[in-house]
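Here are my notes on the model you passed along. Have the structure open while you go through them.

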Amino acid sequence: MHDATTENVTLLKADELGRIERVERGGQLLIRRDIAAARWWARAFARRAAAREARALGRLEGIDGVPRLLAWNGRVLERSYMAGEPMQVGRPLDPAYYREALRLLARLHRRGIVHNDLAKEPNWLVREDGSPGLVDFQIAWTRGRRGNLFRLLAREDLRHLLKHKRTYAPDRLSARQRAILAAPAPHSRLWRATGKRLYKLIARRIFGYWDNEGQGRIRR
Ligand SMILES: Nc1ncnc2c1ncn2[C@@H]1O[C@H](COP(=O)(O)OP(=O)(O)O)[C@@H](O)[C@H]1O
Ligand SMILES: [Mg+2]
């Protein structure tokens, strides 16, 4: 028998920004992000990102499909585990997945949160019952539903979801959804033309990679 404080830890991911572990503690499964494991030069950034994630998860409390915030102490962030597979493994072919994902995004946006990192398949989960889940709110917008920028970013969240749908269930795209895909936001066009190239260069130089966590595809 294990006592309640015994932990069973599985490393899911480690990079410059710290470690992500799956922890089993007293029969409960949770996900832990440990900032102390970040490289010294990335630690301030990692802490800000984790604080942003904590803020976002706090605001999203009660929404099914988003992890529950269990703890954040400035160093370690714990969130509830959602059983399932990342999108690139779960490969959601069922149109119901996208219907529910659209509803999930609408709920996020109604609470004034934009995810901002939905091009990455590993941030989408296909849960055990087939429903969508979202993780990784490190670069989320958490400042409420204000102004044009919020609307622009929220639309980008939507566009990224539709890109995944185009990959896995293309013949289920509605005419309106195809129109959205065909008309990228102005900043997205600008970003593609300039910023993205610069960012990739920096990412390669500093982090030594640009490969989407080594798994899954990024649909820009
Ligand atoms: N609450 C969760 N439930 C289940 N799996 C999770 C959860 N949080 C993260 N994961 C898995 O761990 C991976 C890394 O977590 P994530 O928050 O995306 O870290 P990072 O910011 O380093 O990308 C995710 O892609 C997902 O597969
Ligand atoms: Mg991620």
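**Notes on the model**

1. Let's start with Arg32, which is buried, with a relative accessible area of 13%. For this note, buried means under 20% relative accessible area, exposed means over 50%, and partly exposed is what lies in between (1.4 Å probe, protein chains only). Before going on, keep in mind that this is a predicted model, where local features need pLDDT of at least 70 and side-chain atom pairs count only at pLDDT 80 or more, while totals for chains, interfaces and linings use all residues. As for bookkeeping, residues are numbered from 1 along each chain as its sequence is written, chains are lettered from A and ligands numbered from 1 in the order in which they are written, and side-chain values use heavy atoms, with hydrogens and water left out.

2. What does Arg32 pair with? Its side chain meets that of Glu7 in a salt bridge, 3.3 Å from N to O. The two come from distant parts of the chain: Glu7 sits in strand β1 (residues 7-15) and Arg32 in strand β3 (residues 28-34), 25 residues apart. Glu7 is partly exposed, at 32% relative accessibility. A salt bridge here is a side-chain nitrogen of Lys or Arg within 4 Å of a carboxyl oxygen of Asp or Glu, and the structure holds 14 of them.

3. Another one to click on is Glu78 with Arg25, whose closest N and O atoms are 2.7 Å apart. This pair also links distant parts of the chain, with Glu78 in strand β5 (residues 76-80) and Arg25 in strand β2 (residues 18-25), 53 residues apart. Glu78 is buried at 10% relative accessible area, whereas Arg25 is partly exposed at 24%. Salt bridges that share partners tie Glu7, Arg19, Glu21, Arg25, Arg32, Asp34, Arg75 and Glu78 into one network.

4. Asp15 and Lys13 also make a salt bridge through their side chains, at 3.8 Å from N to O. Both ends are partly exposed: Asp15 has a relative accessibility of 24%, and Lys13 has 27%.

5. Now the overall layout. The chain has six helices and eight strands, where helices (H or I, at least four residues) and strands (E, at least two) are DSSP runs numbered from the N terminus. Reading from that end, the order is β-β-β-α-β-β-β-α-α-β-β-α-α-α. Of the 220 residues, 45% count as buried.

6. How many aromatic pairs are there? The count comes to one, with rings of Phe, Tyr and Trp (its six-membered ring) pairing if their centres lie within 6.5 Å, and planes under 30 degrees apart called stacked, over 60 edge-to-face and the rest tilted. Tyr97 and Tyr98 are the partners, in an edge-to-face arrangement with 5.2 Å centre to centre and 75° between the planes. Tyr97 is buried, at 2% relative accessible area. Tyr98 is buried too, at 1%.

7. Have a look at the surface charges as well. Arg99, Arg103, Arg107, Arg110, Arg145 and Arg172 gather in a positive patch. Patches are made of residues with over 30% relative accessible area and no salt bridge, joining like charges within 9 Å and nonpolar side chains (Val, Leu, Ile, Met, Phe, Trp, Tyr) within 5 Å. Areas come from the Shrake-Rupley method with a 1.4 Å probe, and for residues only the protein chains shown count as cover. Lys and Arg count as positive and Asp and Glu as negative, leaving out His and the chain ends; each charge is placed at NZ of Lys, CZ of Arg, CG of Asp or CD of Glu.

8. Asp94 is placed in the loop between α2 (87-90) and α3 (95-110). It is partly exposed, at 47% relative accessibility.

9. Last, two backbone spots to check. Arg91 isn't a glycine, yet has a positive phi of about 35°; this residue lies in the loop between α2 and α3 and is partly exposed at 47%. Asn116, also not a glycine, has a positive phi of about 75°. You'll find Asn116 in the loop between α3 and β7 (124-127), partly exposed with a relative accessible area of 27%.
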